[in-house]
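Please have a look at the sequence and the structure first.

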Amino acid sequence: MKDITLFQLGYGLETGAHEEDTTGTCPAPTARDVFDEQRDDHFIRRDGAVFAGTHLIIEVVNGTGLDDEARIQQAFRDCVDTCGATLLHIHTHKFSPQGVSGVAVLAESHISVHTWPEIGYGAFDVFMCGDAQPWLAVDVLAKAFATADVRVRELKRGEGVVAEAGIAA
């Protein structure tokens with residue numbers, strides 16, 4: 001039944017996604033494990049901090065082409081390529097009379113958007129972990145939507161969570 005529900009929602013089962021292991025057989029991480037530079041977990045280690053990833057809140061202002069679904073999908077692809085990320089899937093939806101929402105699912109997390117083309121505004125989220133470079137997406141989006149007015153706020157997702165979980169250095 002679960003597979004049927006996923007299929008009805010439009011999710012492909014061929015993506016390799018698996019259920020989370022809830023058996024409790026994985027040992028709890030230790031501080032040494034989490035702060036180990038050689039760990040292959042895609043956490044970011046910078047300036048003595050460990051966090052899950054960089055999440056950019058990007059506002060495209062006075063942009064053009066924000067009602068063009070194909071243009072948005074291409075902008076997602078260009079961001080993925082430029083940032084050094086891995087694209088898994090893109091899904092977009094065009095609204096009537098205008099606007100587009102979409103997400104690019106990445107191995108490193110995601111890029112998402114909702115647009116208000118009638119005022120030239122696009123609200124993008126670019127969240128990436130590991131070696132991907134999300135800040136490179138800012139220029140890609142400015143070029144894709146022909147604007148110099150791109151506003152960005154950065155969040156370090158998971159910052160402090162390691163220490164709060166009792167896994168201090």
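In what order do the elements of the protein chain run from the N terminus on? The order is α-α-β-β-β-α-β-β-β-β-α-β-α. That gives 5 helices and 8 strands in the protein chain. Please keep in mind, as you explore, that this is a predicted model.

Now for the chain as a whole. It has 169 residues, and 33% of them are buried. Consider next the contacts in the chain with a separation of 6 or more: residues 24 or more positions apart account for 58% of these.

Next, let's turn to the aromatic rings. How many aromatic pairs does a search of the whole structure find? The search finds 2. One of them joins Trp116 and Tyr121, whose ring centres are 5.5 Å apart. Their planes meet at 40°, so this pair counts as tilted; planes under 30 degrees apart would count as stacked, and those over 60 as edge-to-face. Trp116 itself is partly exposed, with a relative accessibility of 34%.

The other pair is made by Phe124 and Phe145, with ring centres 5.7 Å apart. Here too the planes are at 40°, so the pair is tilted. Where do the two partners lie? Phe124 belongs to strand 7 (residues 121-128), while Phe145 is in the loop between helix 4 (137-144) and strand 8 (149-157), so the pair ties together parts that are 21 residues apart in sequence.

Another ring to look for is that of Phe127. The charged end of Arg157 sits over this ring, 5.3 Å from the ring's centre.

Our last stop is Cys129. You will find Cys129 in the loop between strand 7 and helix 4. With 13% relative accessibility, Cys129 counts as buried. Which distances separate Cys129 from Ala85, in sequence and in space? Along the sequence they are 44 residues apart, and in space their C-alpha atoms are 9.0 Å apart.

Notes: Residues numbered from 1 in each chain as written. Predicted model: local features only at pLDDT ≥ 70, side-chain atom pairs only at ≥ 80, totals over all residues. Heavy atoms only, no water. Helix = DSSP H or I, 4+ residues; strand = E, 2+ residues; numbered from the N terminus. Buried < 20%, exposed > 50% of the residue type's maximum accessible area, 1.4 Å probe, protein only. Contact = heavy atoms within 4.5 Å. Phe/Tyr/Trp six-rings, centres within 6.5 Å; stacked < 30°, edge-to-face > 60°. Lys NZ or Arg CZ within 6 Å of the ring centre and 35° of its normal.
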